[in-house]
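Please keep the sequence and the structure in view while reading, and look up each residue as it is named.

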Amino acid sequence: MRAAAIGVDVGSTTCKAVAVDAAGRPVAHRVEPTDPRIEPQVERIVRELREETGAVGPVGATGYGRKRVPSGRALTEITCHARGAFATVRRSGALVDMGGQDTKVIRIGPAGEVLDFAMNDKCAAGTGRFLEVILGRLRVPFDEVSAQVSRAARAVPVSSTCTVFAESEVISLVAGGEPLEGILKGLHQALAARVAALARGTAGSGEVFMSGGVALNAAMVGALRDALGRPIHVVPEPQLVGALGAALSVLPGSP
Amino acid sequence: MILRRAQFELAGRVVGPFLASLDVWKRQLRRRRRAPRESPFGPPLESVRKLKELMTAHYFQGRFADGAVPVAWVTSGFPVEILRPLGFHAVYPENHAAMCGVQRLVPGLSDAVEAMGFSRDLCSYARTDLGSVVTGRTPVGRLPRPDLLACCTNICQTVLYWYRALADHFHVPLVLVDTPYVYGEAKPHHVRYVRDQLEELVRVGERISGRRAEPEALAEVARKAKEGTDLWADCLATGRSRPAPWTGIDGFFHMAPIVALRGTDTCNAYYRLLRDELRDRVRRGIGGIREERHRLLWDNLPIWFAVREVATLLAERGFNFVCTSYTNAWAEAGSRIDPRDLIGSAAFSYTHIILNQDLPNRLGILRRLARDYAVDGAVLHSDRSCKPYSIGQVDLKERLAAELGIRVLLLEADHSDPRAWAQEQGENRLTAFMESFG
């Protein structure tokens, strides 16, 4: 099996790469924490994928580090997430992509085109970073979050969605004897409310899909479903959607 | 007094223009020394040289204005026409703040007033101006001390508090022209209310300047202001051609005379020159950018400190701002001025400034611009500093997209404080917006 293109998504938290075959099907991938020295990391990942799949095709790059990807064609995450998600689900609708530093709501048209988008601005509230900071403070591993939230008898309201203020609010809640599970549930609700506000103006009335690393957290998906009052379809391999879109963007013969 | 007046005239007529031409010459020399760069823009406008000369002379002359002639500090939407026949030298703190914005001086000036207790949430123009007043720092050498502060609330309510702070600092009279917000069209009693205030302005101006506002002089300045406004409108209208002969960014810089020198011969002579050059470019098919593929509308003030970066990012992909609601505002403000009745017509015109009108009216203006200039998309700058301009943009965005079938982006920034602009995020949004055009 010979890969025809490689897509790299250098995010603020993780670096993702996907190799696709000539038909645009993913054949290999990598996910690693983003190294501050982006060029050598990406060069190594691309080399490994080329060796593994025999790929000789072009490289598409997205994410905040996209301009640092050697000989890659750079495209924004908006375009790549829309393209990757549409290639996977083959339906129009709204895509909520929750990444490390950005949360985006992208309305995708019937041909997979970007009709409109909205993003959080100049503030990491409502993004993966928010959860990461607070979970780190509470010493809760990411893999256990979902289970802990599902055990919560009730949500302890967390009023602040500012990452910095929420951190101190959570510390005082813990000190006040509130149950950890309840606080986690409250945090997810606060975050979901913020994302839902962003989505309401842009999402339209169609189906809602979700991509990005945060979509791996079932508790977050559930909280967003409750906040929007609509079902959420998580795109398969949500973390790789951007990299897949970047690969498809440079795949020879693709539009 | 006579000596001071002679100094003032000499500064404006001889030394100012000489310094400006020296500056232009230095720039040309520097440009020649630099290796030529690949630029996405069309050839630069020849008129720029004259514009620099005009504004340098204006600010240089201003250094010698106090003590020579009466000086008024005025808001951008103030009916300055009424003060001109009284011999006032008008200083525009907003225009000055924009210059500080371009030169990225705002954080330093703002720090000075924030330390005095002014909030960073206050308009960055207000912070810049007050900061410049208390520190004496300015890129123009010196601003003349005002004898009169003239403030009109047709652009925002912030100006009222800002000018009160200035009045407190300078201990000079403050004239406030309060314009009722317009829903649909202003009622006759609204216009009468504004007219009464303008008549009072005449009396205060006469007292301070020691001159009388002669009806012939008022009619003459009204005629010039209307002519200047119409000439500016002609310049903007050339942007309807394909390709547009200049960029919206050029327009932001070339609007300085219509704001600061409205009602003067100098202003009108300049716009005749600019209009002729733009029309000539249209005839010869010269565009503001090399390859115009998409035409955009810009709403709100520019991001002064990043105006060039944003324009370049777009021009590199063939996008040009062919019209802006901000530059257009000055093509409308004076168009209804009537030389037969300056006071009455100014009361009507200045009440109908874009920022003093309700959302349906603003939507109407944007819709008209979008159609007249045949744009494919619009960028609505949500300006942290200018709340009256930014409120309602979410609805405007939806309506423009739905009614005209164009793509619309909401871009968060500030007109002059770079601390409220996230460059990476901002450029990311603009790039994604351009990618969505396919």
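Helices (H or I, at least four residues) and strands (E, at least two) are taken here as DSSP runs, numbered from the N terminus. This is a predicted model, in which local features need pLDDT of at least 70 and side-chain atom pairs count only at pLDDT 80 or more, while totals for chains, interfaces and linings use all residues. Residues are numbered from 1 along each chain as its sequence is written, chains are lettered from A and ligands numbered from 1 in the order in which they are written, and side-chain values use heavy atoms, with hydrogens and water left out.

**The two chains**

Chain B contains 18 helices and eight strands. Its radius of gyration is 21 Å, close to the 22 Å that the globule rule gives for 438 residues, so chain B is as compact as a globular protein of that length. The radius of gyration is taken over C-alpha atoms, and the globule rule is 2.2 Å times the number of residues to the power 0.38. Chain A, for its part, has eight helices and 10 strands, and its radius of gyration of 18 Å agrees with the value near 18 Å for a compact globule of 255 residues.

The table sets out further values for each chain. Buried means under 20% relative accessible area, exposed over 50% and partly exposed in between, with a 1.4 Å probe and protein chains only. Accessible areas come from the Shrake-Rupley method with a 1.4 Å probe, and for residues only the protein chains shown count as cover.

| Chain | Extent along the principal axes (C-alpha) | Buried residues | Accessible surface |
|---|---|---|---|
| Chain A | roughly 60 × 40 × 30 Å | 55% of 255 residues | about 10600 Å² |
| Chain B | about 65 × 55 × 50 Å | 59% of 438 residues | about 18100 Å² |

Carbon and sulfur atoms supply 54% of the accessible surface of chain A, and 53% of that of chain B belongs to these atoms. Contact means heavy atoms within 4.5 Å. Among contacts between residues at least 6 apart in sequence, 81% in chain B join residues at least 24 apart, and the corresponding figure in chain A is 65%.

For the charges, Lys and Arg count as positive and Asp and Glu as negative, while His and the chain ends are not counted; the place of a charge is taken as NZ of Lys, CZ of Arg, CG of Asp or CD of Glu. The mean positions of the 60 positive and 52 negative charges of chain B are 4 Å apart, and those of the 28 positive and 25 negative charges of chain A are 3 Å apart.

**Where the chains meet**

In the interface, 20 residues of chain B are in contact with 20 residues of chain A. The two chains bury about 1600 Å² between them, 42% of it on carbon and sulfur atoms; buried area is the accessible area (1.4 Å probe) that two parts lose on being put together, summed over both. On the side of chain B, Asn428(B), Arg429(B) and Glu435(B) lose the most area to chain A, together 35% of what that side buries.

Thr76(A) sits in the loop between β5 (72-74) and α2 (77-89) of chain A and is buried, with a relative accessible area of 0%.

**A helix inside chain B**

Helix α12 of chain B (residues 307-315) has Val307(B), Val310(B), Ala311(B), Leu313(B), Leu314(B) and Ala315(B) buried. Among the elements that cover these residues are α9 (248-254), β5 (294-299), β6 (319-324) and α18 (423-435) of chain B.

**Loops and backbone details**

Ser71(A), in the loop between β4 (59-62) and β5 of chain A, has a phi near 50°, a positive value in a residue other than glycine, and is exposed, with a relative accessible area of 72%. His171(B) also has a positive phi, about 55°, although it is not a glycine; His171(B) lies in the loop between α6 (158-170) and β4 (174-177) of chain B and counts as exposed at 68% relative accessibility.

The peptide bond from Arg242(B) to Pro243(B) is cis, with omega near 0°, and Pro243(B) is placed in the loop between α8 (215-237) and α9 of chain B. Ser39(B), in the loop between α1 (2-33) and α2 (47-62) of chain B, counts as partly exposed at 25% relative accessibility.
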